Amino acid sequence: MSDSFIIEHCSPTLAGIKTANLFSYVFPEDANPIEELRELNRILLPKGLRAIPICFDQARVLIYVYRVQALERDLDRAEVRKVLESMGYSCDDCGKSIAQLAARLKKGNGFPHEIGFFLGYPPEDVIGFMNHPHDGYKCSGIWKVYGDEKEARRLFTLYQHCTAVYKDQIRKGSTLSRLTVASRS
């Protein structure tokens with residue numbers, strides 16, 4: 001998995017301005033997916049991020065890259081806990097919650113709507129989408145917006161700008177390690 005591929009799909013998370021990203025990757029036939037993820041985590045773990053496979057099918061894997069502290073904070077928000085716990089999630093353990101999300105993904109009924117909580121989307125937007133996925137939203141971009149449209153549009157622009165800057169830096173010879181911002185303790 002190339003640095004430029006990771007940058008294309010995860011720049012806002014690498015920059016520390018988003019909790020997580022999720023992307024699909026098709027490993028070449030001669031690749032060792034486990035070793036490639038280990039190598040990626042050698043770069044990410046010291047900076048407070050993790051990359052884990054959460055769903056496999058045929059030759060593709062769904063990879064979740066997240067900031068551990070940010071996800072813990074997001075899942076600890078009262079409105080998020082209330083919804084996730086009502087669905088059977090264990091919000092006291094980030095790893096368990098991700099495993100429960102992965103189990104729901106593996107059931108094959110599409111993406112569970114609560115996945116937005118795991119990606120750092122505003123809770124009011126995730127809850128709005130869970131309740132009314134086809135109507136009532138104010139705008140859409142990376143997600144459907146039911147709450148603060150102005151802030152969501154600001155974030156959409158910020159994430160796009162971040163990705164453009166990171167892609168430019170990779171083209172100029174920077175590395176994934178150099179571009180990944182360490183989490184603050």
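Some ground rules before we start. Because the model is predicted, local features need pLDDT of at least 70 and side-chain atom pairs count only at pLDDT 80 or more, while totals for chains, interfaces and linings use all residues. Residues are numbered from 1 along each chain as its sequence is written, and side-chain values use heavy atoms, with hydrogens and water left out.

**Helix contacts**

Helices (DSSP runs of H or I, at least four residues) and strands (E, at least two) are numbered from the N terminus. Axes are lines fitted to C-alpha atoms, for helices over the stretch in contact, and angles run from 0 to 180 degrees between N-to-C directions.

| Pair | Axes come within | Crossing angle |
|---|---|---|
| α4 and α7 | 10 Å | roughly 30° |
| α1 and α8 | 8 Å | roughly 140° |
| α3 and α5 | 10 Å | roughly 80° |

Take α4 (residues 78–86) and α7 (residues 123–131). Their angle makes α4 roughly parallel to α7 (under 35 degrees counts as roughly parallel, over 145 as roughly antiparallel, 65 to 115 as roughly perpendicular and the rest as oblique). The crossing is left-handed, that is, the near helix is turned anticlockwise from the far one by less than a right angle; clockwise would be right-handed. Contact (heavy atoms within 4.5 Å) involves E79, V80 and V83 on α4, and P123, I127 and M130 on α7. That gives five nonpolar residues, no polar ones and one charged. For these classes, Ala, Val, Leu, Ile, Met, Phe, Trp, Tyr, Cys and Pro count as nonpolar, Asp, Glu, Lys and Arg as charged, and the others, Gly among them, as polar.

α1 and α8 cross with right-handed geometry. On the α1 side you'll find D3, S4, I7, E8, S11, P12 and L14; α8 brings Y159, C162, T163, Y166, K167 and I170.

As for α3 and α5 (residues 94–106), the angle makes α3 roughly perpendicular to α5. V68, L71, E72 and L75 of α3 meet C94, S97 and I98 of α5, with five nonpolar, one polar and one charged residues in the contact.

**Pockets**

On a 1 Å grid over the protein atoms alone, a pocket is an open set of points where a 1.4 Å probe fits, with protein on both sides within 12 Å along at least five of seven lines; lining residues have an atom within 4 Å of a point. Points are joined across faces, edges and corners, and volume is the space filled by probe spheres set on them.

The largest pocket holds about 600 Å³. It has 30 lining residues, and G16, I17, T19, A70 and R73 are the closest to its centre. α3 (68–75), α7 and α8 (149–171) each give two or more residues to this lining, which divides into 15 nonpolar, five polar and 10 charged.

The second largest pocket comes to about 280 Å³. Of its 17 lining residues, H9, P12, K18, N21 and I142 are the closest to the centre. α1 (3–14), β1 (20–26) and α8 each supply at least two residues, and the lining has 11 nonpolar, four polar and two charged.
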